[in-house]
Structures are given as structure tokens and as C-alpha cells.
Amino acid sequence: MSELKLSNAQIAWRAAQDIEDGAYVNLGIGFPEMVAQYTVEGRTPVFHTENGILNFGPAPAPGDEDWDLINAGKKAVTLKPGASFFHQADSFGIVRGGHLDVAILGALQVAQNGDLANWRVGNKGVPAVGGAMDLVHGAKRVAVLTDHVAKNGAPKLVEECSFPLTGVGCVTRVYTSLAVVDIEDGRFVLREKLAGMSMEELQSLTGAPLHVEGSVGELSVPEL
Amino acid sequence: MDKRLPGLAEAVSGIKDGATVMIGGFGGSGNPIELVHALIDAGPKDLTVINNNAGNGKIGIAAMIDAGMVKKMICSFPKSSDPRAFTDRYMAGEIELELVPQGTLAERIRAGGAGIPAFYTPASYGTELAEGKPVAEFDGKHYVQERWLKADFALVKAELADTHGNLTYRMAGRNFSPLMAMAAETTIVQATKVLEPGGIDPEQVHTPGIFVNHIVEVAEPQQEEALIRAGAVYERA
């Protein structure tokens, strides 16, 4: 019997279902990049990357890389028809100026008031923030993809973040390996959960109260 | 008017000990690797370097750090596929780091070039990177005051230049370069091709020549990423 939780691909698939046709979307480096693979057929979102491209596409075939055509993760990408280039200040004007429909990021911890910690575990090593502190401000929706609990079993949805903050009160929705949770008025509101998981079990894996408003949907995703 | 110089060594010869140098590029894209290597040959010390990253592998900015030329990095992401050069010096306390959120870094440079001494941004509010900075509330939201960034020199990689310094950039190689060209006292450009005035359609100019001081043609520029994948090492000639 498989473990009762979604794979990263399935979490990304679920997030992709909420991206409308024509939406302007920034996908964070790593796990969130997977969302692009599960774009719903018939919808054409436009993906933004901080280093100055709108409407980039998937990686080229090995050997076809052009190293002036990369994404924020420094990986080679391609262009789709209708792509554009712009400088870094315009690129972050797109972010902070409220022009993106959705920004999707990874998380170490999300607090019930929407605080996000995703850039640093402690104060050891070389700190590196990139665009994370900018990306959490301005997009109409700031979503997080994450396992519901950390590798050590600790809840990642918490009352208050203990890791250094990336932004305050910025996250609007969390897609986890067990549930879809909105952040409204400083609380977690459960929207969907896996059918095989009881409310009690889900709550025991969550570090802050899960509120229910109306019905809770079934978090249903295909095998991927 | 002709802003061309005959070679890379002449182009960087004015950069002295203690200078602040902006270097265009995001990772390897748009990185003026030939100008950086000419600067390593020239060998000024105690430099403050402003770039999105802090070097990769054993070439470019990483090779500057290895050569002991860099006193301080101002950047958003001092990590890379091979960040050894910066990491070693940082962990040994031999290099300063001013870590700046990427959009704030871009806007600080833009402000420096545009004559705006400070501005407010939502980025970093409530985080450790906002510590000590003034905060203000506008329309019910909190913002952090950030100051302009200027430099003595900018090193920039362009695709086309004309002799007046009008520039175009190649694809996402543009990134920080137009901003840095504005924010530096002296902007030094390496261009793949240098044309006569009129050679670039005025409607296609990305950086107007007023922001450019010196141009060197580097007809077949190297790509930092390709060099790193080949395991290249740069040491002073």
C-alpha cells in the first residue's frame, strides 16, 4: 500500500488546475517549476522569470542550449511565440507592481497569518535570497507548494514561523501533499483534503487550527 | 564622437584600488567575461563588486575573488553551481557580503542612475534584511526604505554598439546591464559588433549612448556557463 500523500508531481498538478487561461505566472525555482508541465489543456498561461523573460517555454534538447536564454534557476529555456525580454528593474516592476496573477513558491514553513519562511534555515553558511522576498509581494495570488510536514515529521503549516521570514502576511493558498488550505483573516481554512484522511489525522499533522467553512472538497489527483 | 578603445587592457586601465564596480549579468547570461578577465590582469585590489551573483567556478568574478581583488560583494544570490571561491572567503571572514533582495538590488541601481536617493519597497519588510532600515506605512501597508546604489565603473556586455555608445543586448543577457550603465560614473562596454552611427535602428536601441563611456569590440565573446562546464580556469596572465 502506498503512503497516503501526494507526490510533488501531484501537488504541482493540483496547483496547475487553478491557473486560468491567459494568467501571468511566476514559478519559483525547483519544485514550483513542475507546475508548467501540468498546464491544463486549452489554457495558455504566460510564464515570467525574474531575469527578464515573459512567455518562455520548456528546456531545449541537450546541445541546443543558448546560455543567454535561461530562467531564474540558470537553466536553459526556450521561447514561445509572443515572448518578450526586459531588464531586471522592469521585471521586478512586473512583480511588485501587481501585474502577475499568480506567484508559486516553495516553503520551509507557512504561518496561519500568511507569513512565509523559505529562504534560510538558520544563520550558518552563506545566505542567499535571490528574488524570493520580492516575489511574495504584488502578485494577486501567492501560492505555496509543499509537503504537509517536514522530513522530520514537524508540521510545516504553523502558528508562527520559527525560521527566518521571507515575507509577512503574504501567502494566500497552500497546496500540500495532503490538503489545499487557504489563508483568510489570519487563519488556515481547509478547502480540500485527501479522501482517505480523517479530519483528526490531518489536524494532528498541522501546527495550527484548520478551520472549515462550508464543505471540504476531496483532493483528487491522477496517478502521475 | 567615437567611444571605441583599441583593447580590453586600455578599457579597464582606469579601475584602481578601492573602486566600486558593477558587473552586468545574471549567472552567465550577459556576463562580460572578457572585461572581467582583463580586470584580473590589471589587478586592482579592495574592490567592491556589484552583481546579482558572486561568481561561479574558477573564472570571471570567482577568479577575481580567488585573486584576492574583492573586498566586498553586493548581490542577491551568492550561490552557484560551483560557489567555492566566494564561500571559502566568506566562511574565512575574508570578504564582506551585502545581501540584497534581487528586485531591490535592481531598483537601487536604477535609482542610482535616475537620481533618486531612496525609495520604498514592500520587499524584505518584517525580515532580517530590513533590520536597521526606516519603515513607513502607505495606504495601510508597510514598506522598507532602500537607498540608491551607484558605482565608479560598470562593466557591461552588449550585442551591438555604435561608436556613440548606443547598445542592444542579446536575449536575457540584458538583465542588470541597462541599469548599471546608468548608475556608474564610467561605463565600459564589450560589444560583439561595433557599428557606425546609424548602424542601429534608433527604435531598437536598448541603452542610449549617453550612458556609455568606452566600447571595445569582442567579436566572439565567451559564455561563462560554457566555460564552467568545460572546467575552465582563469589566472592572471
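Two strands pair if DSSP finds at least two bridges between them; helices (H or I, at least four residues) and strands (E, at least two) are themselves DSSP runs, numbered from the N terminus. The model toured here is predicted, so local features need pLDDT of at least 70 and side-chain atom pairs count only at pLDDT 80 or more, while totals for chains, interfaces and linings use all residues. Residues are numbered from 1 along each chain as its sequence is written, and chains are lettered from A and ligands numbered from 1 in the order in which they are written.

**Stop 1: strands of chain A**

Select A:Asn26 together with its bridge partner in S2(A), A:His48. The strands S1(A) and S2(A) pair in the parallel sense, over three bridges. S2(A) and strand S3 (residues 53-57) of chain A run antiparallel and are joined by two bridges. Three residues separate S2(A) and S3(A) in a hairpin, and A:Gly52 in the turn has a positive phi of about 105°.

**Stop 2: helix H2 of chain A**

Select residues 88-96 of chain A, helix H2; its buried residues are A:Gln88, A:Ala89, A:Ser91, A:Phe92, A:Ile94 and A:Val95. A residue is buried if 20 or more other C-beta atoms, placed from the backbone, lie within 10 Å of its own, exposed if 12 or fewer, and partly exposed in between. The cover over these buried residues includes strand S1 (24-27), strand S2 (46-49) and helix H3 (132-135) of chain A, as well as H5 and H6 of chain B. After H2(A) comes A:Gly98, with a positive phi near 80°.

**Stop 3: the interface**

Now display both chains: 30 residues of chain A are in contact with 41 residues of chain B, contact being defined as C-beta atoms, placed from the backbone, within 7 Å. On the side of chain B that touches chain A, the elements giving two or more residues are helix H4 (84-91), helix H5 (102-114), helix H6 (177-183) and helix H7 (224-229). H5(B) gives the most, with six residues.

**Stop 4: chain B as a whole**

Select chain B, which has seven helices and eleven strands. Its C-alpha trace spans about 50 × 45 × 30 Å along the principal axes. Of the 237 residues in chain B, 56% are buried.

**Stop 5: a loop residue**

Is B:Asp139 buried or exposed? B:Asp139 counts as exposed because it has 5 C-beta neighbours inside 10 Å. Its place is the loop between strand S6 (135-138) and strand S7 (141-147) of chain B. From B:Asp139 to B:Glu107 the C-alpha to C-alpha distance is 21 Å, across 32 residues in sequence.

Note on methods: Contact = placed C-beta atoms within 7 Å.
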